[in-house]
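Notebook open, structure on screen. I want to go through some helix packing, a sheet and the aromatic pairs, and jot things down as I go.

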Amino acid sequence: MKIFDPFEQVRTKYLFYTGKGGVGKTSAACATALSLADSGKKVLLISTDPASNLQDVFGMELDNKGVTIPGVPNLTVANLDPVKAAAEYRESVIAPYRGKLPDSVIANMEEQLSGSCTVEIAAFNEFSEFITDEKIQSEYDHIIFDTAPTGHTLRMLQLPSAWSSFISESTHGASCLGQLSGLESKKAIYKQAVETLSDKSMTTLVLVTRPEDAPLKEADRASKELSEIGVNNQILIVNGILTSHDDEISDKLYEKQQSAIENMPDHMRDMETYNIPLRAYNITGLDNVRSLLKDDRCIVGEEKINAENTAKLSDIVDYLDRSEKKVIFTMGKGGVGKTTCAAAIALGLSKRGKKVHLTTTDPAAHLKFVLDETSGISMSHIDEREELKKYQNEVISKARENGLSDADIAYIEEDLRSPCTQEISVFRAFAEIVEKADDEIVVIDTAPTGHTLLLLESTQSYNREIRRTKGETPESVKKLLPRLKSEETEVIIVTLPEATPVYEALRLEEDLKRAEIGSKWWIINSSLYAAKPKNELLKAKASSEVGWIDRIDSHTKGSFVLIPWKAEDVKGDMLMKL
């Protein structure tokens, strides 16, 4: 697997970087843009990431029009704000209905247009202008986008019913993808943008991943989803590969990475694949961005975290026990270790004599301890695919009963593939388990976001006013929503000591606040700083975590737990060692 070299691998005008949050797609996009600009090419780099840190990378304020980077006259960088664009779009759609429809209907519309899918459509609206603008096309040799649209959004844009009126086409209470009726005038531009994306001579899709199981699976899913709609000119970059190992921790990390690469999904083995070695420094500043694809500099910082003594997982368990919590969620993005944390918390509560039920959506979560009858824990596994399929069939059959056209059915089917719909289908299964578990503590390893909860809540009041909604909210969910806002419920936020997972965790927390659900504790998982490696590169990498640990310390007022990086899967007796 060769190191990624833009001079050899970049053959098209447009480059779209995509991948799971935190895999390094911004770093890879910036390094590509800088390499090409240094070689004399005119380059435009555009970010549509809601958590973009481009201004930190280049150390200057950016705007949505494009700023030339001092010292790199051939590089122009634009930072689009899809969250702001989504807010403006949301208001443009809803404004005509204010004062004409009941408040509960307006609240439902606002919440449906507050999800991540709406932000993505707003982002697509922004960068479509850059793709279709002839002046921009003639001015630049390469136009690089940091964050590509998902296959789901692109398919939605191609469906006729996606463009129809928001109210008249409301088809099920769990919808989250913002209708496009407010953007009818952009339809032709969108069509041209989608065609450009799938033109092999014009566009390359760069899938960025890490040498870990979860990001590789996510990259595989994204690759297949985009291939379905004709975006086939794809290359793969595996970022953060450890090349030298000389202590116990680096040996284990090297083995774990190599195992993940050897066992990557079959579909990806046939792809043109490159790597970027693990770097010890943060990819900020022109020197570091230039070095990413060339060499490494190990600078081990002497910084120590501010907290003299950090809390232990047992402190969280003590708090949950003392405050008599009945419903406990671990919440965080995929791959941060929330299943392991949920299992350890469940076991800790069980050891204190509590009757505990652990429920998980992790297909690999057949943790040995739960099968031990003496542990006092019962366990259930919710199959996300099965629950989604069940929910989709229910909504589609009701839509057919109501005589909707084939075009409308196609729209509903695509809408039912949105992330929020999946959350809602799984949450219904959670609600049934929690309803049965009034006499025990229920620990759940995948929490719905605040947005999903508000969707469910607004749908209930919406249903009382307007009977158009075909998807129905079960009684178990209706009962659970108020319970989640009560003192009985606790959300534990799980993250990693890195920029993207921390920013995503902060957004999740804000989401929960909107839904009036509090969260006191954070868990920082897989910390190299806490593991104390001796390998020079990993020591340098560990020192870069200090700022993020301190930020969480300040944000939570000390209510956080720091768990060291571990090579092996944590299960059985090892859970108690956490």
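I started with α21 (residues 499-514) and α24 (residues 546-556), which pack with their axes 10 Å apart at an angle of about 15 degrees. This is a predicted model, so everything I note here is computed from it. Angles under 35 degrees count as roughly parallel, and α21 and α24 are therefore roughly parallel to each other. I checked the hand too: α21 passes α24 in a left-handed crossing. On the α21 side I listed Ala499, Val502, Tyr503, Leu506 and Glu509 as making the contact, and on the α24 side Trp548, Arg551, Ile552 and His555. Sorted by class, the contact of α21 with α24 has six nonpolar, one polar and two charged residues.

Next, the sheet. In what order do the seven strands run? I read β12-β11-β13-β10-β14-β15-β16, an open sheet with parallel pairing. The edges are β12 (377-381) and β16 (560-564); each has a single partner strand, so one side of each is left without a neighbour in the sheet. From one strand to the next, the twist averages 20 degrees.

I then zoomed in on one pairing in that sheet. β10 (residues 327-331) and β13 (residues 441-444) pair in the parallel sense over three bridges. I looked up phenylalanine 329 and found isoleucine 444 as its bridge partner in β13. What packs on the sheet here? I found helix α14 (residues 313-322), which touches β10, β14 (489-495), β15 (522-527) and β16. The direction of α14 makes about 165 degrees with that of β14.

Back to helix pairs, with α6 (residues 116-132) and α9 (residues 187-197). Their axes are 9 Å apart and the packing angle is about 75 degrees. The range for roughly perpendicular is 65 to 115 degrees, and α6 and α9 are therefore roughly perpendicular to each other. From α6 I noted Ile121, Phe124, Asn125, Ser128, Glu129, Ile131 and Thr132 in the contact; α9 brings Ile189, Tyr190, Gln192, Ala193, Val194, Thr196 and Leu197. The class tally for α6 with α9 is eight nonpolar, five polar and one charged residues.

Last entry: aromatics. How many aromatic pairs are there? I get eight, counting rings whose centres lie within 6.5 Å. One of them is phenylalanine 16 with phenylalanine 127, edge-to-face at 5.7 Å centre to centre and 65 degrees between the planes. Phenylalanine 16 sits in strand β2 (residues 14-18) and phenylalanine 127 in helix α6, so this pair ties together parts that are 111 residues apart in sequence.

Notes:
Residues are numbered from 1 along each chain as its sequence is written. This is a predicted model: local features need pLDDT of at least 70, side-chain atom pairs count only at pLDDT 80 or more; totals for chains, interfaces and linings use all residues. Side-chain values use heavy atoms; hydrogens and water are left out. Axes are lines fitted to C-alpha atoms, for helices over the stretch in contact, and angles run from 0 to 180 degrees between N-to-C directions. Helices (H or I, at least four residues) and strands (E, at least two) are DSSP runs, numbered from the N terminus. Angles under 35 degrees count as roughly parallel, over 145 as roughly antiparallel, 65 to 115 as roughly perpendicular and the rest as oblique. Contact means heavy atoms within 4.5 Å. Ala, Val, Leu, Ile, Met, Phe, Trp, Tyr, Cys and Pro count as nonpolar, Asp, Glu, Lys and Arg as charged, and the others, Gly among them, as polar. Two strands pair if DSSP finds at least two bridges between them. A crossing is left-handed if the near helix is turned anticlockwise from the far one by less than a right angle, and right-handed if clockwise. Rings of Phe, Tyr and Trp (its six-membered ring) pair if their centres lie within 6.5 Å; planes under 30 degrees apart count as stacked, over 60 as edge-to-face and the rest as tilted.
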